[in-house]
Amino acid sequence: SLSVPKILKEYFFSIIREHLSTEYNEEIKINLIQIENKIYDYAMSKIYTKIFPKTHVNDDKISKKIFMLSWTEPKHFIQGRDNYIFDAFLPEVIDNFKSIDNQHSPRIKSLFLDKIFELITKIVSFNGGNTNLGVDDQMPILNYCIVKAQPNRIYSNIKFMELYRNSLIEKGNPNELVQMIASFEFIKNIDYNNLNGVSQEEFIKNCDAIFGEVDSF
């Protein structure tokens with residue numbers, strides 16, 4: 001409702017563009033997008049605590065569910081691929097999820113989200129799959145990565161990126177946000193019959209064991 005991105009674009013950036021067009025050479029004008037991105041990041045970081053949404057109830061639901069599912073393996077999410085190898089990529093995926101929460105600019109958050117999807121493509125390629133991925137190919141891997149990364153406030157972060165996406169000069173891939181939200185809905189409501197090769201008894205036993213470890217600690 002404050003229309004901060006609109007004010008930045010229509011007022012502040014217009015002043016910068018006018019100044020550069022009269023005072024500087026063509027080479028600097030070419031770098032104008034980079035200049036605007038830096039100003040955008042700076043301005044948004046300064047007001048971050050005022051504009052970032054209050055933690056959504058879905059953050060707590062998702063956090064509890066992914067913690068409960070920490071015993072799962074790739075084979076439980078990826079049909080017919082018992083030997084899928086994530087070891088070379090998972091630490092970087094986890095780091096990128098952490099960076100999404102640590103960064104204050106929605107633009108930079110979006111860049112780390114892009115990297116996560118790039119890593120998913122690399123995971124598929126490394127395991128001998130087709131890198132021309134459709135949503136159905138990406139979703140099981142994304143679900144597993146979210147469970148293993150256990151990201152903080154991930155639902156609120158994605159909604160924040162979605163809210164400010166149209167204010168970005170480079171808007172990124174909107175399908176990534178759609179897939180993330182779809183993944184949250186899947187994980188939030190996951191049960192034994194959503195996992196490959198897991199019985200109801202095994203599901204309850206493993207989930208109870210995770211919470212038992214917390215209680216004993």
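A cavity here is a set of points on a 1 Å grid, over the protein atoms alone, where a 1.4 Å probe fits but cannot get out. Grid points are joined across faces, edges and corners, and a volume is the space filled by probe spheres set on the points.

Before you select anything, note that this is a predicted model: local features need pLDDT of at least 70, side-chain atom pairs count only at pLDDT 80 or more, and totals for chains, interfaces and linings use all residues. Residues are numbered from 1 along each chain as its sequence is written, and side-chain values use heavy atoms, with hydrogens and water left out.

**Stop 1: the cavity**

The largest cavity has a volume of about 80 Å³. Select its lining: Ser110, Leu113, Asp114, Met161, Arg165, Leu168, Lys171, Gly172, Asn173, Pro174, Glu176 and Leu177. Lining residues have an atom within 4 Å of a point. Helices α8 and α11 (174-188) are the elements that give two or more residues to this lining. By class, the lining holds five nonpolar, three polar and four charged residues. Ala, Val, Leu, Ile, Met, Phe, Trp, Tyr, Cys and Pro count as nonpolar, Asp, Glu, Lys and Arg as charged, and the others, Gly among them, as polar.

**Stop 2: the whole fold**

Zoom out and color by secondary structure. The protein has twelve helices and zero strands. Helices (H or I, at least four residues) and strands (E, at least two) are DSSP runs, numbered from the N terminus. Of the 217 residues, 43% count as buried. Buried means under 20% relative accessible area, exposed over 50%, and partly exposed in between (1.4 Å probe, protein chains only). Take the contacts between residues at least 6 apart in sequence: 75% join residues at least 24 apart. Contact means heavy atoms within 4.5 Å.

**Stop 3: α8 against α10**

Select residues 106-126 for α8 and 154-164 for α10. The two helices pack at an angle of about 115 degrees, with their axes 9 Å apart. Axes are lines fitted to C-alpha atoms, for helices over the stretch in contact, and angles run from 0 to 180 degrees between N-to-C directions. Now show side chains. From α8, Pro106, Lys109, Ser110 and Leu113 meet Asn157, Ile158, Phe160, Met161 and Tyr164 of α10. This contact has six nonpolar, two polar and one charged residues.

**Stop 4**

Select Gln150 and Arg153. Gln150 sits in the loop between α9 (135-149) and α10, and Arg153 is in the loop between α9 and α10. Most residues other than glycine have a negative phi. Yet phi of Gln150 is positive, near 45 degrees, and Arg153 has a positive phi of about 45 degrees. Gln150 is partly exposed, at 30% relative accessible area. Arg153 is partly exposed at 29%.

**Stop 5**

Step back to Ala149, in helix α9. Ala149 is buried, at 11% relative accessibility. Leaving out residues up to four places away in sequence, Ala149 touches Ile94 and Phe97. Phe97 is 52 residues from Ala149 in sequence, but 6.9 Å away in space, C-alpha to C-alpha.

Finish on Asp101 in helix α7 (residues 90-102). Asp101 is buried, with 13% relative accessible area. With residues up to four places away left out, Asp101 touches Tyr48, Lys109, Asn152, Arg153 and Asn157.

Conventions. 1 Å grid on protein atoms, 1.4 Å probe; cavity = no way out; pocket = protein on both sides within 12 Å on 5 of 7 lines; lining within 4 Å.
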